[in-house]
Amino acid sequence: MAAMANKKREPISVFPRALVSISPFILLISAWELTAVVITSWRSVPFPTPWTTASRLLSALGGETLVDQTLYRHILDSLVRWIAAFLAASASGVAFGLAAGWFRMLEKIAMPIVHILQLVPGLAWIPVAILLFGVGEKATFFMIAVTAFAPVVINVVSGVKRVDVIYVRAARMLGAGRKTLFLRVLLPGSLPQILSGLRIGLGNGWRVLVAAEMIVGTGTGLGYAIIQARWTLDYASAFVCIIVICLVGLATERLIFSPLEKKTVERWGLSRGDL
Amino acid sequence: MLDILEVSKNFYHRESGQEFQVLCDLNFRINEGEFVCLLGPSGCGKSTLLNLAAGFIKPSAGRLIFQGREINAPGPDRAVIFQDPTLFPWLTAIQNVEFGLQNAGVSKNERHLKALQSLQRVGLENCADVRPHALSGGMRQRVSLARVLVLEPALLLMDEPFSALDENTRERLQDELLRIWLADRKTILFVTHNVDEAAYLADRVLVMGPAPMSLVTEVRVPLQRPRRRSAFEIQNITDRLRMELGRQPCCIPVQKRSHGNENNQT
């Protein structure tokens, strides 16, 4: 029975693999096309079709400006904000999570606060951010960092607590001091959970970044471009930005997290939940 | 070398809210170079005693004196071989062996050389760059032996190290352990519940029972090495141990079984 269950199912021969893997995109695009056609004739508003969006994307990639800036400038500015704030949130989140996972007292005092932070919807930080930093870069930085921080901490803490006490004992028996214990035992031991925390944090940050740019008035960036394009009825440009946002999100998973997981957790023979 | 002086250990059982005694007023001494086995039914506190000697937990009463000083924390002078090899999965075999050396501040080149020699000693120099998950159970336990031997500990504390291995591997590892022990005469405190293993390995077997009769008796094994497993004298010892063990309950109730994981973390 077990052998049967482990055996991979035969590929369905009618659909070649390549076709299966592109079919979600085909479905999505068809639904989009259909929506565009129906909405355009029904409400007589220019809902951009996949085709008009694609040609707008090409022209933007060719260097044509989109809401006063090139598409590249928007992407770059959004990425810089996102990465800077995410790095700050993840570095402090991992460090704090390791400490809170180890020191009971810190956990008891600090973790309820982190859990409350996590309950605040990303966009609800907008008034707080504006009050604290005024309109501008600092406010977006704050919003990304604050929404990415909580999931990172929560996952790291649960990761540290799941590291078997026997590894800690082994390390101490081998003469490990506190620094070694944290960096060479607790950190790698909780890496599966750390990675999932970073994943969630990065996703949260990205979503809130786009929303924050719409409101906090940064002057550039993909979110800013979407909202500005709407005022000028340049909906195709807004759609281009949405597509780029999705592609960036996909790329981080494919180019950062999957390889990182392959290089560490999988190579160590750990799956999530081991240890 | 290691003195156990009037040691008692109580654990707090969270569900029932009661304290119960695992070790009661235990007294014995282990001499330099001796191979001592602790034999007893599961739950009698053998592992607890080992954890006390390692410094992972503290006694509720009494003292443990190692080389003239009271034990209060774990350290590389008292190496532990756990039942699970507990190699760090994120480090290769040789990095695992180097871990302790690095903590001791040994330079990179020397560390590598020593670690390689230690792996050689357990016959695994070819697996230096392999990660633990790709090694068999027996090989992992060999690496964990190499990992502590490289630190030249004064005392080896072994907690049923071979009990998770198959018969053949277990006997091979017992022989390797004896070969290493004969070469540099480390002091070994070896926990087991297997009478054959105790009779084959030990100079002296301490038979333990449930508290308050923690130390039941002591059986000396005055036999030359190398020993033959099937030798008549070994069989005699085995029979004697089996008889002593037979007088004890076959296992101590579940609520009494604890290895001190919940509290007393140090």
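## A strand pair in chain B

In this predicted model, B:Cys37 stands opposite B:Val205, a residue of S9(B). The strands concerned are S3 (residues 35-39) and S9 (residues 204-208) of chain B, which pair in the parallel sense over four bridges.

Helix H7 (residues 232-246) of chain B packs on the sheet and touches S3, S9 and S10 of chain B, and its direction makes about 175° with that of S10(B).

## The six-stranded sheet

The pair belongs to a sheet whose strand order in chain B is S6-S7-S8-S3-S9-S10; this sheet of six strands is open, and its pairing is mixed. Its edges are formed by S6 and by strand S10 (215-220) of chain B, each of which pairs on one side only. Averaged over the sheet and with direction ignored, neighbouring strands are turned by 20° against each other.

B:Ile65 is placed in strand S4 (residues 61-66) of chain B, and B:Ile65 is the bridge partner of B:Asp3. When neighbours within four places in sequence are left aside, B:Ile65 is in contact with B:Asp3, B:Leu5 and B:Glu70.

## Two domains in chain B

Chain B is divided into domain 1, which covers 2-77 + 155-256, and domain 2, which covers 87-152. The C-alpha centres of domain 1 and domain 2 of chain B lie 26 Å apart, and the contact takes ten residues from domain 1 of chain B and ten residues from domain 2 of chain B.

On the side of domain 1 of chain B that touches domain 2 of chain B, the largest share, four residues, comes from helix H5 (residues 167-184) of chain B. By class, this side of domain 1 of chain B has eight nonpolar residues, one polar residue and one charged residue.

## Chain A

Chain A has twelve helices and zero strands. Along its principal axes, the C-alpha trace of chain A spans about 75 × 60 × 30 Å. Of the 275 residues of chain A, 36% count as buried. Among contacts in chain A with a separation of 6 or more, 72% are accounted for by residues 24 or more positions apart.

## Where the chains meet

The contact between the two chains takes 18 residues from chain A and 21 residues from chain B. On the side of chain B that touches chain A, strand S6 (78-81) and helix H2 (93-103) of chain B each supply at least two residues, and H2(B) gives the most, with three residues. The residues on this side of chain B divide into twelve nonpolar, seven polar and two charged.

## The largest nonpolar core

In soluble globular proteins, nonpolar side chains tend to be buried together. The largest nonpolar core of this model has 137 residues, of which A:Ile144, B:Leu39, B:Ala53, B:Leu157, B:Leu189 and B:Phe190 touch the most other members. Helix H7 (residues 137-162) of chain A provides the largest share of this core, 16 residues, and the core also draws at least three residues from each of domain 1 (2-77 + 155-256) and domain 2 (87-152) of chain B.

What does B:Leu189 touch when residues up to four places away in sequence are not counted? The contacts of B:Leu189 are with B:Ile30, B:Val36, B:Leu38, B:Leu50, B:Ala53, B:Leu155 and B:Leu157. One of these, B:Ala53, is itself among the core residues that touch the most other members, as is B:Leu157.

Methods: Residues are numbered from 1 along each chain as its sequence is written. Chains are lettered from A and ligands numbered from 1 in the order in which they are written. This is a predicted model: local features need pLDDT of at least 70, side-chain atom pairs count only at pLDDT 80 or more; totals for chains, interfaces and linings use all residues. Two residues are in contact if their C-beta atoms, placed from the backbone, lie within 7 Å. Ala, Val, Leu, Ile, Met, Phe, Trp, Tyr, Cys and Pro count as nonpolar, Asp, Glu, Lys and Arg as charged, and the others, Gly among them, as polar. A nonpolar core is a set of buried Ala, Val, Leu, Ile, Met, Phe, Trp, Tyr and Cys residues joined through C-beta atoms within 7 Å. A residue is buried if 20 or more other C-beta atoms lie within 10 Å of its own, exposed if 12 or fewer, and partly exposed in between; C-beta atoms are placed from the backbone. Domain bounds come from an automatic or database domain assignment. Two strands pair if DSSP finds at least two bridges between them. Axes are lines fitted to C-alpha atoms, for helices over the stretch in contact, and angles run from 0 to 180 degrees between N-to-C directions.
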